[in-house]
Each structure stands twice: as C-alpha cells, then as structure tokens.
Amino acid sequence: MACLSFSFAQIEAFSTVAALGTVSQAAKQLGKDRATVSELIEFLEAALGYALFSRQGRTLALTPEGQRLKRQAALLMRQAQAFDAAARHVRHDISDEISLVYDPFVPRPFLCRLIETLAESNIRVSAWSAAREEAEAALACGAVQLALCQARNRSLGSEMAWRSVGVVELDFYAAASLFADEQPVSLFELASQPQLVMHPAPDGVAAKQGRIADSYLLHQ
C-alpha cells in the first residue's frame with residue numbers, strides 16, 4: 001500500500017471547515033486554535049496540488065475540487081468515529097485473561113487448540129515458553145496462573161494443585177545399519193553413536209532432554 005501524502009488531522013480539519021463554513025467554528029469544535037486549523041488545510045492543499053477553498057478575507061467557499069472531496073471526507077470521518085467506538089469496546093468484549101507458561105515439549109497443535117477453545121468462551125491466553133524450573137517459580141510468585149510441564153516423576157508439592165493431562169510422544173530414529181542382525185538395540189549402543197538433535201540451542205532444556213548420545217550434531 002502506497003504511503004499517504006496527507007494526514008488524518010488534515011482531512012479532519014478540511015471536513016470540519018467544509019461542514020461549518022468558517023475556520024473559527026471548526027477550530028472551536030476540534031479544540032484547536034485557528035492558526036493550526038488553517039495550517040492543516042494549507043498543508044493538505046499543498047500535498048494535493050490544488051486549492052480546496054477560495055478565500056476572500058475571512059470568507060471561505062469550496063472550490064469545485066473541494067466540493068468533490070467534501071463527501072468523501074465526511075464519509076471518512078464517520079468511519080473513523082465508528083472505528084473509535086469499536087476500539088473503545090474491544091476490551092469489554094473479552095471477559096477474562098489467563099496467563100500460561102509451557103515447556104518446549106508441549107505440542108504446538110495442542111497449544112493452539114487450547115487457545116482457540118478458551119477464545120470461544122471469551123478468555124484470552126497470554127502464553128510464553130520456559131523450562132519447568134522457571135514455570136514453577138512463575139507459578140509461585142503469581143506471574144502466571146497455569147503451567148504445562150513435563151511431570152519428570154515428581155509433583156509440584158502440596159502448595160500447588162496439579163493434574164496429568166496426557167502423554168507427549170517423542171520419536172527417535174536410528175540408522176538401518178544398527179539393526180543389521182535384526183536384534184534389539186540397547187540405549188547404550190545408541191548412546192555410542194553420533195546423534196542429530198533437532199533443536200538449535202545446545203544448552204536448551206529441550207535439547208538436553210532429547211539428547212542420549214555423548215556425540216551430537218545440532219539441527220539449526
């Protein structure tokens with residue numbers, strides 16, 4: 001979209017003067033001084049390249065070009081007023097907000113469905129990702145209301161309510177050469193082979209928890 005060569009304030013000044021007939025009355029309605037309103041119209045005319053008013057002393061009359069733009073300017077002002085009214089009520093349309101922290105292993109489709117489901121009940125979700133330790137600290141200090149974390153075979157303690165919501169499956173792939181004799185491969189054997197970790201940060205929680213080999217490559 002091309003940049004406009006004029007501002008909303010200039011169109012507002014033009015529309016108001018065209019409707020009321022004088023700069024003084026327009027300035028009073030807009031809460032501006034006469035000089036400011038006059039400058040806004042002059043800048044608009046300069047940007048357009050033609051006059052919108054013919055001036056005889058303090059009397060202003062719309063030029064043919066001004067007459068053609070008067071209705072468009074009035075329509076734009078009504079649309080702006082409708083936008084202002086809608087914008088003022090946006091916050092009232094949302095009944096509640098929940099802050100949520102989740103760890104890197106929470107599947108994105110599940111998270112998106114959760115946000116969509118809550119939105120249907122006019123509940124907006126503010127979510128961010130963090131390790132379990134950070135999530136526990138955020139819950140403890142009241143920075144968030146909910147946390148989605150891996151259980152790690154321990155609860156959050158008696159001071160926090162928790163519930164198991166499901167299982168996250170992780171896929172590990174191994175080279176076909178490791179299964180040449182069609183025998184099960186032990187975790188020790190896998191750990192002795194170079195591993196490709198599908199995470200860009202080597203020190204990240206997700207990278208550490210998904211790493212089983214001493215030698216690994218990071219997928220950027």
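**Cores, salt bridges and a helix**

Student: What share of the contacts with a separation of 6 or more is between residues 24 or more positions apart?

Tutor: Residues 24 or more positions apart account for 47% of those contacts in the protein. Contact means heavy atoms within 4.5 Å.

Student: Where do these numbers come from?

Tutor: This is a predicted model, in which local features need pLDDT of at least 70 and side-chain atom pairs count only at pLDDT 80 or more, while totals for chains, interfaces and linings use all residues. Residues are numbered from 1 along each chain as its sequence is written, and side-chain values use heavy atoms, with hydrogens and water left out.

Student: OK. How many helices and strands does the protein have?

Tutor: The protein has 8 helices and 7 strands. They are DSSP runs, numbered from the N terminus: helices are H or I with at least four residues, strands are E with at least two.

Student: And how much of the protein is buried?

Tutor: Of its 220 residues, 25% count as buried. Buried means under 20% relative accessible area, exposed means over 50%, and partly exposed is in between, with a 1.4 Å probe and protein chains only.

Student: Which residues have the most contacts inside the largest nonpolar core?

Tutor: Phe14, Val17, Val37, Ile41 and Phe53 do, in a core of 18 residues. Helix H1 (8–20), helix H2 (23–30), helix H3 (34–48) and strand E2 (59–62) each supply at least two of the core's residues. H1 gives the most, with 5 residues. A nonpolar core here is a set of buried Ala, Val, Leu, Ile, Met, Phe, Trp, Tyr and Cys residues joined through side-chain atoms within 4.5 Å.

Student: Switching topic. How many salt bridges does the structure hold?

Tutor: It holds 2. A salt bridge is a side-chain nitrogen of Lys or Arg within 4 Å of a carboxyl oxygen of Asp or Glu.

Student: Which residue pairs with Arg55?

Tutor: Glu45 does, with the closest N and O atoms 3.2 Å apart. Arg55 lies in strand E1 (residues 53–56) and Glu45 in helix H3, so the pair ties together parts that are 10 residues apart in sequence. Arg55 is partly exposed, with a relative accessible area of 42%, whereas Glu45 is buried, at 11%.

Student: And what does Glu97 meet?

Tutor: The side chain of Glu97 meets that of Arg124 in a salt bridge, 3.5 Å from N to O. Glu97 is in strand E3 (residues 96–102) and Arg124 in strand E4 (residues 123–129), so this pair ties together parts that are 27 residues apart in sequence. Glu97 counts as partly exposed at 36% relative accessibility, and Arg124 counts as partly exposed at 34%.

Student: You mentioned H3. Which of the residues of H3 are buried?

Tutor: They are Val37, Leu40, Ile41, Leu44 and Glu45. Seen down the axis of H3, these buried residues fall within an arc of 130°, so they line one face of the helix. The arc is that of the directions from the helix axis to the C-beta atoms.

Student: What do the buried residues of H3 pack against?

Tutor: They pack against H1, H2 and E1.

Student: What happens at the ends of H3?

Tutor: Asp33 caps the N-terminal end, where a side-chain oxygen lies 3.3 Å from the backbone nitrogen of Ala35. H3 is followed by Gly49, whose phi is positive, near 90°.

Student: Last one: where is Asn122?

Tutor: Asn122 sits in the loop between H5 and E4. Its phi is positive, about 60°, although Asn122 is not a glycine. At 41% relative accessibility, Asn122 counts as partly exposed.

Definitions and conventions
A polar contact is a pair of N or O atoms within 3.5 Å; within protein, one must be able to donate a hydrogen and the other to accept it, and residues adjacent in sequence count only if both atoms are side-chain atoms.
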